[in-house]
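Take a look at the structure below. Some questions and answers follow.

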Amino acid sequence: MDWVLGHLDDIGSYTVQHAWLAGVPLVLGLLIAVPLGWLSRQYNWLYTPLVVGTGLLYTIPSLALFILMPLLLGTTILDPLNVVVAMTIYTLALLVRTVADALRSVPDSVTASATAMGLRPLRRLFTVELPLAVPVISAGMRVAAVSNVSIVSVAALIGVPQLGSLFTDGFQRDFLDPIVSGLVACVVLALLFDLVIVAATRLLTPWLRTGAPTGRAA
Amino acid sequence: MIRFDSVTKEYPDGTVAVGGLDLTAPDGKITVLVGPSGCGKTTSLRMVNRMIEPTGGRILVDDKDTAKMDAAELRRGMGYVIQQAGLFPHRTVADNIATVPRLLGWDRRKSRSRSLELLERVGLPGEYADRYPHQLSGGQQQRVGVARALAADPPVMLMDEPFSAVDPVVREQLQDEFLRLQSDLGKTILFVTHDIDEAVKLGDQVAVLRVGGQIAQVADPATLLGDPHDDFVADFVGRDRGYRGLGFRTAPVLEPSPEPTVRLGAGVDEVRRSGDQWLLVADDDNRPLGWVEPSRITAPLVTEDLHRGGTVAVLGGSSRAVLDAALSAPSRRGVLVDDDGRLVGTVTLAEVAAAIEQAVGRGKR
Amino acid sequence: MNAVLTWLTDGAHWQGYDGILQRTWEHVWYSAIALAIAAALAIPLGLWVGHTGRARFLAVNLTGALRAVPSLGLLFASIMVLGSRLDGELATLVPTELVLVVLAVPPILAGAYAGVEQVDAAARDAARGMGMRGSEVLFKVELPCALPLISSGLRSAALQVVATATLAAAVGLGGLGRFLLDGLAVRDYAQMAGGAILVAALALLIDLVASTLQRVVVSPGLTGKTDRRDNALRRLKTTAAS
């Protein structure tokens, strides 16, 4: 406990760094996954290659991806950009399938009536399909957020500073306190991300707040 | 025989789903429980095989108290059919049907041949045996559901809205086949529905329940339609009950008049000879085809000249069919046929009305 | 890229106590033990939660919380806590397996309880109504119907475990992670990339085997993979016989 009080500054800055490294890819991943998911709905033949293809990315171990990034991007091994790009790839691996399935789960009757009222595909996407797909996308985001927070810590092995650095520091010095503080901070950060996503979902889906008996708040 | 002896079901929160039900479902007959939602009809049915345990009273099956029997054993001895069929998606149709036989320890071969036999009974071709449920239409799934319930040849069948989830045309087919099946098998059946038309069509005995699980009236369908016990029953039985009630009265004594007919291909002269406004056309076997209006005929009769609106009633059938035949014929003369569909003669609307009045007046049903 | 190919195709890299074959074997071994333990814990627990509906809230939150625990931190912490009480290789092997089990439990548990929960309520009702007892309903209806989700839970657990087993190298054990970390230490990119490719290939291979296995175990009635001739026949017959 003394150690924690003495290192609040370090823990704080590590947490902020960690939040960036996990959070920015989450947003980037969503921004890329939406058009890809939409394409796979517009052109049915794209669904399998896109979903399977991005899914394959998830099989690459995070440590390997962090190490390979400099080769692909021409960055130095310590550049945080490596982590951001790698985490964006993992987010995509999870979200492309989610967005594609979420858009497909919008009932045909709804999209058909939107089309019949004269909405063009892009406007239909933003005013009808995406809003209705929010709950499913949000569930995928929650999984991706928790998974990102956990994976980012592995970047400590290649020397990028964030909460994972507490793990490597503690392990090298055979000292448990930093490791436990890092674990707690990671779990709290994951919880915060989760709360933000849940709150955003509530804001975006006012029609679900009227007490329909669905188990959506699980 | 299934006997409800002041059976109650009260939930912990104080809701009374069934409040003291007394009812006997006689052997070999179809007893229908019908009523609005919340009347406890499904609860009552599910208490028979103890899917729901009663909180008071007794239910006796063949004079044995069900509460004293092992629930699983009890259920294996009763057929159970539900609205969504509830087929097991991971098993083939034949394996679905063989569920209870296998539970009872029949060997594979015997269960399989029983499945095939039942498949045929419910009107599905044998090659469906190795299909999976998702390959079947809703109506076909429901047939398999009935076959599965019949598999171990249980004396008692519990059926909970078995035909409600299919479209009206298929529903009617299923109902007709179910009645035919029952006339062969003579099971003791307890049948739940919210549809009064289904109740009066299928039931030998109909129990109308009101909300709170109390019996408003138990009677045979004709009595129910003709003499509802109170406003609730009258209201539930609905409009047109007088007309629908005619469906249960066999035709009163009618003396059909001979009706001249012509064949297709008859010339203009032959058609106009009778001088009547409407003329009946029949085929070579004297089966009525339709009416024509001679004044509009200018060339030998073809199929397109026929007026197809009229229905045909079988002599000795229900008053409802005869009345409908008279009402629907453009000539207002109802066409009567024999069991083979050959023309017997026609009756006028006035004659039908008089005969019905006489039958009702005599208090006959 | 050429350097990576050269590294991968060099026969000398495949043999010996620190060769690719040996490392792959170790990697598979670490993963298999963790998956077996996780499955033995999570499948019965998930089936019980799904069947009884009890402790569902606990199961949902437990899986969520476990997912949030970073594997690297848990690995180091458990080595420091457990490692000092164990001897030899066990001092690192047990903590590593613990981390992999913690990683594998959430997807398997979620697959098992969600699998049982999504079983058609009508099918379950019919099963009871025909006189199946609780265990018969579970093993004859719920379990077979839950298999697709159980197996997809197992597959995603396997992917994560195989990918994360690379961390074993960070605490001095073997496995394919060795190539990544040893390569990193001497800036040998060919070795690192080669190791990364091997892990990904192993993950894909295992997923392929799992999907084949899934096809054998899961009833075609659930996957809709009944043969084409049958479907064509059905389309012909539905109009005739409904």
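**Salt bridges and an interface**

B:R114 and B:E117 both sit in helix α5 of chain B, three residues apart, about one turn of the helix. Helices here are DSSP runs of H or I with at least four residues, strands are E runs of at least two, and both are numbered from the N terminus. This is a predicted model, where local features need pLDDT of at least 70, side-chain atom pairs count only at pLDDT 80 or more, and totals for chains, interfaces and linings use all residues. Residues are numbered from 1 along each chain as its sequence is written, chains are lettered from A and ligands numbered from 1 in the order in which they are written, and side-chain values use heavy atoms, with hydrogens and water left out.

Q: In what do the side chains of B:R114 and B:E117 meet?
A: A salt bridge needs a side-chain nitrogen of Lys or Arg within 4 Å of a carboxyl oxygen of Asp or Glu. For B:R114 and B:E117 the N to O distance is 2.9 Å. The two side chains meet in a salt bridge.

Q: Is B:R114 buried or exposed?
A: Buried means under 20% relative accessible area, exposed means over 50%, and partly exposed lies in between (1.4 Å probe, protein chains only). B:R114 has a relative accessible area of 14%, so B:R114 is buried.

Q: Which parts of chain B does the pair B:R210 and B:D230 tie together?
A: B:R210 and B:D230 form a salt bridge, with the closest N and O atoms 3.0 Å apart. The two residues are 20 apart in sequence, so the pair ties together strand β9 (residues 205–210) and the loop between α9 (221–226) and α10 (231–237) of chain B.

Q: Where in chain B does B:D130 lie?
A: B:D130 forms a salt bridge with B:R112, and the closest N and O atoms are 3.1 Å apart. The pair links distant parts of the chain, 18 residues apart. B:R112 is in helix α5 of chain B, while B:D130 is in the loop between α5 (108–121) and α6 (138–150) of chain B.

Q: How many salt bridges does the structure hold over all chains?
A: Some fall between chains: the count between chain C and chain B is four. One of these joins C:R133 to B:D70, the closest N and O atoms being 3.0 Å apart. Over all chains, the structure holds 29 salt bridges.

Q: What area is buried between chain C and chain B?
A: The size of an interface is often given as the accessible area lost when the parts come together. Buried area is the accessible area (1.4 Å probe) that two parts lose on being put together, summed over both. Contact means heavy atoms within 4.5 Å, and here it takes 30 residues from chain C and 35 residues from chain B. Carbon and sulfur atoms give 56% of the buried area, which is about 2,900 Å².

Q: How far apart are the end C-alpha atoms of residues 28–50 of chain C?
A: UniProt, in an unreviewed entry, places the feature "transmembrane region" at several spans of chain C, including residues 28–50. UniProt positions are given in the numbering used here, feature names are shortened, and annotations may be inferred rather than shown by experiment. The span 28–50 is 100% helix and 0% strand, and its end C-alpha atoms lie 31 Å apart.
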